[in-house]
Each structure stands twice: as C-alpha cells, then as structure tokens.
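Please keep the sequence and the structure in view while reading.

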Amino acid sequence: MIGKLTGTLLEKHPPHILLDVHGVGYELDVPMSTLYVLPHAGELASLYVHFVVREDAQLLYGFASRTERETFRQLVKVSGIGPKIALAVLSGMTADELATAVEGEDAARLAKVPGIGKKTAERLVLELRGKLVGTTPLQAKVATTLFAVQASAKDDVANALLALGYNAKEAEAAIKQLPEEIGVNDGIRQALKSLAKV
C-alpha cells in the first residue's frame with residue numbers, strides 16, 4: 001500500500017499530476033483543492049496517497065492533507081460515489097466545507113457539484129453524518145504566477161472543468177468571465193466559484 005509520496009513535481013495537467021520519486025514517475029489524480037497548494041513544476045512536493053487496485057488498473061489519488069484523504073475515503077464508501085465524483089466534490093469545496101454541509105444537512109449545497117443530483121446529495125448527508133472530520137481551511141499559499149492567461153492556460157482551466165463533469169458550454173462561459181491576467185490555479189478556482197452560483 002502506498003500511503004505517501006514525496007518527489008519532484010514534473011507536470012500539472014488538471015486533474016492529473018506527474019511526480020518523480022527517485023526516478024520513478026507516478027501519475028496521480030488530485031482534487032483542485034490540492035492542486036491550488038502544489039508548488040511549481042520542478043519543485044519538491046509531498047502528497048498523501050490513496051491507492052486503488054482494480055482488475056484493469058492501478059490508480060493513485062493524491063491529497064495535500066490527511067484530512068482531505070480521509071474525506072475522499074469516506075466519500076467513495078457511499079453507494080453510487082466513485083473516485084471521479086469524490087474528486088469533484090473535493091474540488092468544489094474543502095473538506096471542512098463538506099463536513100459543515102453534511103452536519104448542517106445542506107443537501108442543496110452538495111447538489112451544486114457536477115455529478116451530484118438531489119437524491120445523491122441527500123444520500124451523502126445521510127451516510128456521511130458524523131463520519132467527517134472538519135479541518136481548518138488549506139493554507140492560502142497559492143503561488144502567484146507571472147503568466148497572463150494565454151491560450152494554453154485557458155485550455156488547462158477548460159480541461160480541468162471538463163474533467164470535473166461540466167459540459168463544454170459551461171466551461172466556455174466560466175472562462176469568458178476570467179480576468180485577462182490570472183494564473184491557471186486562480187482561474188480554476190474562480191471558474192468553479194462562478195459555476196457554483198449558477
């Protein structure tokens with residue numbers, strides 16, 4: 001079982017990253033909340049890992065904190081919630097916000113996440129009540145970027161939104177609202193906020 005990986009961050013292609021650990025490149029899927037706090041490519045990164053072995057694949061999911069990983073593990077235990085939807089939930093809200101929504105029985109907040117309908121949101125509230133540990137919000141150490149939003153950066157934001165379950169029309173509308181000079185991480189965050197208001 002792989003529980004934690006520390007190495008050089010080689011690539012970020014939301015929601016996927018590539019981490020070089022002593023010459024071995026590990027591909028991990030990460031929620032946007034983790035992506036926001038990752039360093040720039042070429043720098044050292046450390047992630048808590050959830051390792052899944054299936055008949056047709058071996059998959060790694062990376063998280064910035066133990067609490068985030070534990071929340072992911074609780075999410076995938078819920079009937080009808082797979083890793084992709086669990087990552088979408090943790091991309092749309094922090095582990096702390098999810099715990100607050102569940103304990104406050106705020107199914108409407110959960111239903112705003114792509115892939116989560118009203119019934120699934122209600123099931124999440126029912127099955128996760130009392131099982132999630134709230135955490136302090138992740139450090140707001142989002143790296144400032146020197147790059148303006150270029151076509152490639154906008155593509156990264158669009159790809160991240162599509163990977164989270166939004167359709168092309170929604171992704172395009174969210175990207176149009178972004179300021180001219182904004183980093184990819186901030187662009188993803190603002191796009192998710194604007195989509196959550198819809």
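Strand 4 and strand 5 form a hairpin, with 4 residues between them. The model is a predicted one, in which local features need pLDDT of at least 70 and side-chain atom pairs count only at pLDDT 80 or more, while totals for chains, interfaces and linings use all residues. Residues are numbered from 1 along each chain as its sequence is written, and side-chain values use heavy atoms, with hydrogens and water left out. Helices (H or I, at least four residues) and strands (E, at least two) are DSSP runs, numbered from the N terminus.

Phe51 stands opposite Leu60 of strand 5.

Most residues other than glycine have a negative phi, and most peptide bonds are trans. Where does the chain carry a cis peptide bond? Such a bond joins Pro14 and Pro15, with omega at about 0°. Pro15 is placed in the loop between strand 1 (4-13) and strand 2 (16-21). In the loop between strand 2 and strand 3 (24-29) lies His22, which has a positive phi of about 50° although it is not a glycine. His22 is exposed, with a relative accessible area of 81%; exposed means over 50%, buried under 20% and partly exposed in between, computed with a 1.4 Å probe and protein chains only. Glu105 likewise is not a glycine, and its phi is positive, near 55°. This residue is found in the loop between helix 4 (95-103) and helix 5 (107-110).

Charged side chains meet elsewhere. The structure holds 4 salt bridges, each defined as a side-chain nitrogen of Lys or Arg within 4 Å of a carboxyl oxygen of Asp or Glu. One of them links Asp56 with Arg54, with the closest N and O atoms 3.1 Å apart. Asp56 is exposed at 61% relative accessibility, whereas Arg54 is partly exposed at 45%.

Two further salt bridges lie within helices. An α-helix has 3.6 residues a turn, so residues three or four places apart point the same way. In helix 8 (residues 168-176), Lys176 and Glu172 are 4 residues apart, about one turn of the helix. Their closest N and O atoms are 3.6 Å apart. Lys176 counts as exposed at 65% relative accessibility, and Glu172 as partly exposed at 45%. In helix 9 (residues 184-197), Asp186 and Arg189 are 3 residues apart, and about one helical turn separates them. The side chains of this pair meet at 2.8 Å, N to O. Asp186 is partly exposed, with a relative accessible area of 28%, and Arg189 is partly exposed at 22%.

The overall arrangement can now be read. The protein has 9 helices and 5 strands, and along the sequence these follow the pattern β-β-β-α-β-β-α-α-α-α-α-α-α-α. Of the 198 residues, 42% count as buried. Among contacts between residues at least 6 apart in sequence, 57% join residues at least 24 apart. The protein exposes about 10,600 Å², of which carbon and sulfur atoms supply 52%; accessible areas come from the Shrake-Rupley method with a 1.4 Å probe, and for residues only the protein chains shown count as cover.

Key:
Two strands pair if DSSP finds at least two bridges between them. Contact means heavy atoms within 4.5 Å.
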